[in-house]
Amino acid sequence: MVDTETDRDPDLAVIEAGSRTLRARSGPPDAQVPEPPSDPEVAAALRAVETELASRWGETKLEPSVRRIAALMDVLGEPQRAYPSIHITGTNGKTSTARMIEALLAAFDLRTGRYTSPHVRSVTERISLDGSPVSAERFVSVYEDVKPYVDMVDAAEDYRLSFFEVLTGMAYAAFADAPVDVAVVEVGMGGAWDATNVIDATVAVVTPIDLDHTDRLGSTHAEIAAEKSGIVKQDATVVLAQQPVEAAQVLLKKAVEVDATVAREGMEFGIVSREVAVGGQLLTLRGLGGEYPEVFLPLYGAHQAHNAAVALAAVEAFFGVGADHARVLDIETVRRAFASVSSPARLEVVRRSPTVVLDAAHNPAGARATAEAVTEAFGFSRLIGVVGTSAGKDVRGLLEAFEPVFAEIVVTRNSTERAMDPDELAAIAVEVFGEERVVVEPKLDEALEAAVTLAEEDAEYAGAGVLVTGSVFTAGEARLLLGKG
């Protein structure tokens, strides 16, 4: 049967009584990370755009307001209203869920636009059309098209548009210009005041909420859920992954306030069965319209199976399944879509002998899911961790999640300004792992070499592996260093 929710508060029944629940009444996208442009002129133009964008407020400097992005949408002619949208928030799993939603929509012959963040290798990854990142030429062209309007808004406001606000405007303009049939939009941070929240999405998706960005979003599950619930609009459908009780209460109250239809994992949809398979896992999913057996997902971990269930429910809701009619989507199309999914730097194998796996886990909840998944899927006899994190994160919580599965850990840093100092990271790692299990290599390339050497050092450990994690940026730079893409 469908996995049931646990630790449910009886008070939720009161909240749920005021909301509608969504029940049925009895070509695959290419998700590869793009290569750098081969044309020197195009490469130079892309670098120039990246330099201009980098001169703006970064993604960690925010003003809790959508005023500036709304002004940009106004002068651009409201491009975000030219197509329906599916809006995704949550703490973990947003990008993978977005890719799955995109794959499903594309398999049903809809032209898709996808906006996600951050990027693994190139900023162009953030804006995708038809399942592939826009080309460098197209990215530059879109920037040049919107720049005069960006300048207008900059001149009228106290603060210039931020890096993320400009990119969001570019994405919405590119989707309208394509044009797309549907946009799949991942929030940058939070929800209510996130720059993406100038759309009125017909389907809002909330992936699992946990404690992250607590300095900006709040220190409790309830406070964070309140911010993220801002993407749930009047008369929309909200698809909820399994949530902490306090978060679920807040989200359901929001649904009542705006008369949104609710579909909950473990109640209206979920996972019926799951088994590990070669290259991924085999699932039977319970959707809003019925069961979908023998669905192969080429991604590892129970968390990705839950993401798949959420993605399927979101697409069913978009097509009206469970509200207007009771039927399953074409099973062969669903199977084909899920089989095509990839998610770079999400338990991605980039090398064999020894096996090197990349994962973008950057908070304790993500680390726990990754630790469980890598144990289940790979069964390494000995696992070496390479960890580079961003400053300001719950680093101790992340390291504690990995401690049971890492035999040794190599602490390092990526090249971004946000990277945590490796000596500071090492001090925490020693407290968690003990001094004899910690190696410090400030340069990522040398950290990778050290980890591979540790994995290869004894014939006894023929099944040893390396997991590179701690940040999307660390995983992305390691991906490049290891020749992937």
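**Close-up views of a predicted model**

**View 1. The largest nonpolar core.** Of the 41 residues in the largest nonpolar core, those touching the most other members are M100, I101, V205, V239, F269, L285 and F338; such a core is a set of buried Ala, Val, Leu, Ile, Met, Phe, Trp, Tyr and Cys residues joined through side-chain atoms within 4.5 Å, where buried means under 20% relative accessible area with a 1.4 Å probe and protein chains only. Helix α10 (302-318) gives the most to this core, with 10 residues. The model is predicted, so that local features need pLDDT of at least 70 and side-chain atom pairs count only at pLDDT 80 or more, while totals for chains, interfaces and linings use all residues. Residues are numbered from 1 along each chain as its sequence is written, and side-chain values use heavy atoms, with hydrogens and water left out.

**View 2. The surroundings of F338.** Leaving aside residues up to four places away in sequence, F338 touches M100, L104, L285, V295, F296, L297, P298, A308 and L312, contact meaning heavy atoms within 4.5 Å.

**View 3. The six-stranded open sheet.** The strands (DSSP E runs of at least two residues, numbered from the N terminus) follow the order β13-β14-β18-β15-β16-β17 with mixed pairing, and two strands pair if DSSP finds at least two bridges between them. Because β13 (346-351) and β17 (438-440) stand at the edges with a single partner strand each, one side of each is left without a neighbour in the sheet. Strand β16 (residues 408-411) pairs with β17 in the parallel sense over three bridges, and V440 in β17 is the bridge partner of V411.

Technical notes
Helix = DSSP H or I, 4+ residues; strand = E, 2+ residues; numbered from the N terminus. Buried < 20%, exposed > 50% of the residue type's maximum accessible area, 1.4 Å probe, protein only.
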